[in-house]
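The exercises below concern the three-dimensional structure shown here. Each consists of a task and a solution worked step by step.

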Amino acid sequence: MSERAQRLLELADDELILGWRDSEWTGIAPTLEEDVAFSSIAQNEIGHARALYELAARDLGTTADALAFDRSPEEYRSAPLVELRRLDWARTIARHWLYETADELRLEELKRSDDAEVAGLAAKMDREEVYHRMHAQMWADRLRGDERFEAAVDELWPYALGVLAPEQRAALAERVGREEVDAVERGEHSDELRELWNEMTMVRRSIPGATW
Amino acid sequence: MDARTQEFVEYVQGGGQVETGDWMPDEYRAKLIKFIEMHGNSELMGVLPEREWILRAPTLQRKLALTAKVQDEVGHSQLIYRVVEDLGKPRAACLQDLVDGKSKFHNVFHYPTKTWGDVGVIAWLVDAAAIISQKALLKCSYAPYARIMKKICWEESFHILHGRDVILTLMNGKDEQRALVQEALDRWWGPLMTFHGTAIAADEDPMVYWRIKSQGNEEARQQFLDGYVPQIWELGLTVPDTELRKNDDGVWEYSEPDWDELKRVVTGHGPMTAERLEFRRRLLEQEAWVRDVVLAEAA
Amino acid sequence: MIFEVFRQERRGQPFAHAGSVDAPDLEFAEAWAREQYGRRQESEALWVVPREAVREVHDFPDELNKTYHRVDGYSLKAKLKEARERAGTAAP
């Protein structure tokens, strides 16, 4: 697999799994207004995943859906941060805020890429992400000082570092205002990802080769 | 009936519109709140069977569409509860009464979903039945409700197309996929036939009397059958009612629906009622701190 | 707190009342109104206003028939006919 495809899959898998987790809040968020807003964020993440898979799919001679759904759990390249099942609001916002901050650094770098297609897609995603960041910052400011939120950020900080390549972590630490610690690196997948994958692919696997 | 109320009745029956700050008889306000609250409850409870399938959607496109559809329904509940709140019942009270089993929501949302076939049938037929009811509210005498119905009906238009798309894709697919649709239809037909309620004569229907809705229950059901039975039959699907037919007067005849079941279900004894209300209650309690922290007025 | 939302459907059109959101402050109200009234790019722009900033005004009396400043206060048919007859330009 080319380095380009690997990189694209890493990004796409992050966005797909995070989008899947975020979409779990549709219908059950703390307030109705927030439910609608957070669902848009989840949809954008899935949309970004789709665009990234489509680029990778052309390189790999397959389709976006096949990449999203037909690989085994071990083949995903997502970061442990997005795989964690955290269906409580403090941890969801902590993850959202940490991920958006990390992703901003990642997208800044991608927008400067020599690869015109990747740079172009990064720019488009970044324009949507502006609103994700505003939303995350708005919530982080509101929840700052709340013990549930602070504990969640403490817990997720090593995972957040693992989203980025090592050379970008110092910048993340500066933006988040925390000391860099040992990151929880990509590579190992948890049972949580396997459980997610089982549910995510159950309909698709039920009738192999079908069009849905 | 006192003179002021009589005058009000004549006003709304003549097409008059009522705004939030206007005087209205207590009975009108009470009936409005109950009716509109039930609508809000239904949108919110309808989300629960559907959201499971967001997580299981078999393509990225379907995942996006289903998330957007359910998002719209949550958005509708937001619009609806705002109307109820401006009429005098706060949202928190509505949500509490819902999880305590003190208020109602439509029958269809008390039933389980079992397969991707349900996803198609719900978006195609259950939503169609709901849209017919919703269109009958566009001329509601209470103007704030009529206005939100306009946005709601506009957003529902994509839901119908999404539903049709899911169904047609399944019907054009493998035999097992076609079977999914038929099996789901067989289960949903009963609830669909009782969805619009028992046939109450227009002049005995308080909702029509106060011009809250402009269509009687049987008229709505006939409209549903007229629009959708041909769509069902043209795909080679069958309806589990051997007596269903359109007679020479253009009226659809059908087996008597199970009205006892409807009553049992809407009074809180549906197959999924307790489980779903418990789920909502648990999340409401779990995330109460967020509302207390975030919604507290800024210092 | 309740915030009223007004939306402009297309450039050049007036802002019309669209609904309201329940939010703790203007920042949340903006974020939430944006999604509730614009996620499909169905609005060109929104105005988000705290409900208490909106003053509703009713009751516009016209007890003494003030038609002098309305079009329906001017019936000129008879005068025009007389003027034409004087000028000899009346239609035969």
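Helices (H or I, at least four residues) and strands (E, at least two) are DSSP runs, numbered from the N terminus. The model is predicted: local features need pLDDT of at least 70, side-chain atom pairs count only at pLDDT 80 or more, and totals for chains, interfaces and linings use all residues. Residues are numbered from 1 along each chain as its sequence is written, while chains are lettered from A and ligands numbered from 1 in the order in which they are written.

**Exercise 1. Describe the build of chain B.**

Step 1. Inventory: chain B contains 12 helices and two strands. Read from the N terminus, the order of elements is α-α-α-α-α-α-α-α-α-β-β-α-α-α.

Step 2. Along the principal axes, the C-alpha atoms of chain B fill a box of roughly 65 × 60 × 35 Å.

Step 3. Burial: a residue is buried if 20 or more other C-beta atoms, placed from the backbone, lie within 10 Å of its own, exposed if 12 or fewer, and partly exposed in between. By this criterion, 42% of the 299 residues of chain B are buried.

Step 4. Contacts: two residues are in contact if their C-beta atoms, placed from the backbone, lie within 7 Å. Among the contacts in chain B with a separation of 6 or more, 75% join residues 24 or more positions apart.

**Exercise 2. Carry out the corresponding analysis for chain C.**

Step 1. Inventory: chain C has two helices and three strands, in the order β-β-α-β-α from the N terminus.

Step 2. The box filled by the C-alpha atoms of chain C is roughly 75 × 35 × 10 Å along the principal axes.

Step 3. Residues 24 or more positions apart supply 43% of the contacts in chain C with a separation of 6 or more.

**Exercise 3. Which order do the strands of the open sheet in chain C have?**

Step 1. The order of the three strands is 2-1-3, with antiparallel pairing; two strands pair if DSSP finds at least two bridges between them.

Step 2. Strand 2 (15–22) and strand 3 (45–50) of chain C are the edge strands, each pairing on one side only. Neighbouring strands are turned by 25 degrees against each other on average, direction ignored.

Step 3. Strand 1 (residues 2–8) and strand 2 of chain C run antiparallel and are joined by seven bridges. Within strand 2 of chain C, Ser20(C) is the bridge partner of Glu4(C).

**Exercise 4. Characterise the packing of helix 2 of chain A with helix 1 of chain C.**

Step 1. Axes are lines fitted to C-alpha atoms, for helices over the stretch in contact, and angles run from 0 to 180 degrees between N-to-C directions. The axes of helix 2 of chain A and helix 1 (residues 26–38) of chain C come within 9 Å and cross at roughly 70 degrees.

Step 2. Helix 2 of chain A is therefore roughly perpendicular to helix 1 of chain C. Angles under 35 degrees count as roughly parallel, over 145 as roughly antiparallel, 65 to 115 as roughly perpendicular and the rest as oblique.

Step 3. Helix 2 of chain A contributes Glu33(A), Glu34(A), Val36(A), Ala37(A) and Ser40(A) to the contact, and helix 1 of chain C contributes Ala31(C), Trp32(C), Glu35(C) and Gln36(C).

**Exercise 5. Why does Leu67(A) count as buried?**

Step 1. Leu67(A) lies in helix 3 of chain A.

Step 2. Leu67(A) counts as buried because it has 26 C-beta neighbours inside 10 Å.

Step 3. Leaving aside neighbours within four places in sequence, Leu67(A) is in contact with Leu9(A), Tyr53(A), Ala56(A), Ala57(A) and Thr62(A).
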